[in-house]
Amino acid sequence: MSTLSYAVRDSTTMLRRNLKHILRYPVMPLMLIGIPVIFLLLFVYVLGGTLGAGLGGASGRAEYASYVTPGILLITVAGAAQGTAISVAMDMAEGIIARFRTMAIFRPSVLTGHVIGSFIQTMAGLAIIVGVAMLIGFRPNATAIEWLAAAGMLAMISFAVIWFSVACGLVTKSVEAASNLPMPLILLPFLGSGFVPTDSMPSGVAAFADYQPFTPVMETVRGLLLGTGIGHNAWLAVAWSVGITVVCYLWAKKLYNRDPIR
Amino acid sequence: MTQAAIKTTGLRKSFGSNQVLKGIDLEVAEGTIFALLGPNGAGKTTMVHILSTLIRADAGLGTVAGHDLAKEPDAVRDAIGVTGQFSAVDNFLNGEENLMLMADLRHLSKANGRKRTAELLSRFDLVEAARKPVATYSGGMRRRLDLAMTLVSSPRIIFLDEPTTGLDPRSRRTMWQIIRELVADGVTIFLTTQYLEEADELADRIALLDHGRLIAEGTPAELKRMIPGGHISLEFASVEQLQAASAMLGGSQKDTDALTLQVPSDGGVGSIRDLLDRLDRGRVDVSSLTVHTPDLDDVFLALTGQPDGERATVS
């Protein structure tokens with residue numbers, strides 16, 4: 001067999017291993033869905049009346065449910081990142097990883113197994129959140145193509161964030177540290193256009209909000225699903241996603257190839 | 001000697017300012033058991049980590065199965081199996097799934113993988129536990145599964161890092177039996193242990209590692225000749241009794257502070273009876289008696305009188 005087919009086979013084996021872990025111990029996936037659902041309910045039913053009125057025009061709670069959903073989707077992605085970092089850090093502490101390192105297998109497969117496993121988990125989580133949002137008033141007007149494009153956009157940012165969290169899981173020495181490192185990501189939708197438009201923020205905060213990676217993603221998803229303006233946000237979002245993915249993939253690979261005992 | 005399965009020259013490794021291996025030269029012949037014997041912290045595990053490609057040496061050369069450790073790590077990895085000190089099993093999977101995982105990663109066909117898994121489960125007495133999560137296994141079962149996972153690909157060279165540490169005596173015997181069977185099939189085994197008894201029981205050749213240096217190497221018989229014999233330690237109630245016993249028993253060493261007397265002895269029942277008879281005839285009362293057989297401490301004490309012992313090769 002060629003190197004490439006070994007790479008595919010070993011990655012598939014590792015993916016199967018990670019999916020078994022997720023299915024057998026579903027605490028993490030449940031939390032990953034639970035937290036965004038609570039945020040969604042909180043923001044729509046507790047804060048939604050006031051925040052919706054603040055959007056301007058004749059809008060209220062129902063309109064706010066639509067506005068906030070892309071932000072909640074990014075919260076889901078950020079929450080999944082934390083789960084990935086924890087499971088990578090936990091795995092690295094296990095003796096079996098040392099065994100994998102002494103076997104002639106495609107080396108990054110341990111990581112790709114985690115990445116693809118987390119990716120499947122994140123996409124499933126996003127689908128569930130969209131379903132819940134639609135039940136409580138999210139009213140997208142997208143065509144099939146726009147749905148597909150929005151899914152693609154979310155897939156790209158998820159992939160980027162997952163590689164970032166894999167690197168977080170590798171760089172830390174303990175599981176606790178690994179769970180804290182991607183925590184600030186949860187704040188990014190707030191410090192962006194996730195919950196309120198950025199032009200309502202003080203200029204310093206607004207500047208950060210406009211230029212951080214999650215804002216163009218949220219604007220793109222919002223535009224695709226709700227028909228608001230996208231402008232150059234789509235390109236920016238794609239560029240951020242690809243850039244983060246490449247940098248974090250290389251970083252994670254370098255971290256994994258270090259001597260495990262130093 | 002046939003072609004060497006493992007050969008190193010001048011292998012060195014430091015972690016920060018701590019020199020763990022200070023230039024190791026060794027050679028292990030194919031189809032033999034080689035035991036690396038040493039106390040905790042001697043560098044045994046680091047040696048296994050380097051030879052099994054887990055970490056890289058700072059300096060020196062090493063070949064395993066004819067392949068250079070630094071240049072062809074994947075060729076080395078294809079030839080070896082490693083069972084480390086800390087169990088390398090997947091706790092979230094069951095025993096059968098762990099073995100199938102290894103079969104997949106060793107690129108066996110599905111049919112072959114299943115066949116090999118079934119063979120190993122029955123050979124290691126894990127058939128009943130095959131579908132139970134590994135987290136519920138006892139220490140001995142984990143160790144057996146761990147070794148079974150190492151054997152999935154039938155490696156020609158196997159590294160066992162303290163394979164019996166923490167096992168009860170029965171599981172230990174089982175492990176020894178398994179190791180002997182492997183060598184009977186022509187496998188080379190590199191074993192580390194802190195038990196002299198274990199090295200003696202299993203190994204064709206033993207090397208003693210102390211503070212990152214090999215201080216002696218040879219067959220078990222050769223090494224034992226370098227070890228002082230055992231002794232019997234007698235404790236007395238008073239200095240007078242101790243003096244009396246000491247005068248009676250030539251060649252003994254007395255410690256007046258602890259009120260003890262060390263008498264060289266093989267520790268056999270006959271010699272103990274003989275010793276007590278003599279003390280009885282001399283009307284000396286012994287308050288307690290302990291038999292001391294030679295152990296790793298004695299070996300190291302004998303060989304490393306000075307802190308950084310020079311290497312001595314017996315041949």
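Contact here means heavy atoms within 4.5 Å. By that rule, 30 residues of chain A and 36 residues of chain B take part in the contact.

This is a predicted model, in which local features need pLDDT of at least 70 and side-chain atom pairs count only at pLDDT 80 or more, while totals for chains, interfaces and linings use all residues. Residues are numbered from 1 along each chain as its sequence is written, chains are lettered from A in the order in which they are written, and side-chain values use heavy atoms, without hydrogens and water.

Start with confidence. The score is pLDDT, the predictor's confidence in each residue, from 0 to 100. Chain A has a mean of 90, and 98% of its residues reach 70 or more. Within chain A, helix H7 (residues 144-171) is highest at 95, and helix H3 (residues 48-54) is lowest at a mean of 85. Helices are DSSP runs (H or I, at least four residues), numbered from the N terminus.

Now turn to the interface. About 2,800 Å² is buried between chain A and chain B, and carbon and sulfur atoms give 57% of that area. Buried area is the accessible area (1.4 Å probe) that two parts lose on being put together, summed over both.

Charges meet here too. The rule finds six salt bridges across the interface of chain A and chain B; each is a side-chain nitrogen of Lys or Arg within 4 Å of a carboxyl oxygen of Asp or Glu. Arg16(A) forms a salt bridge with Asp104(B), with the closest N and O atoms 2.9 Å apart. On the side of chain A that touches chain B, helix H1 (3-24) and helix H5 (95-101) are the elements that give two or more residues. H1(A) supplies the largest share, 10 residues.
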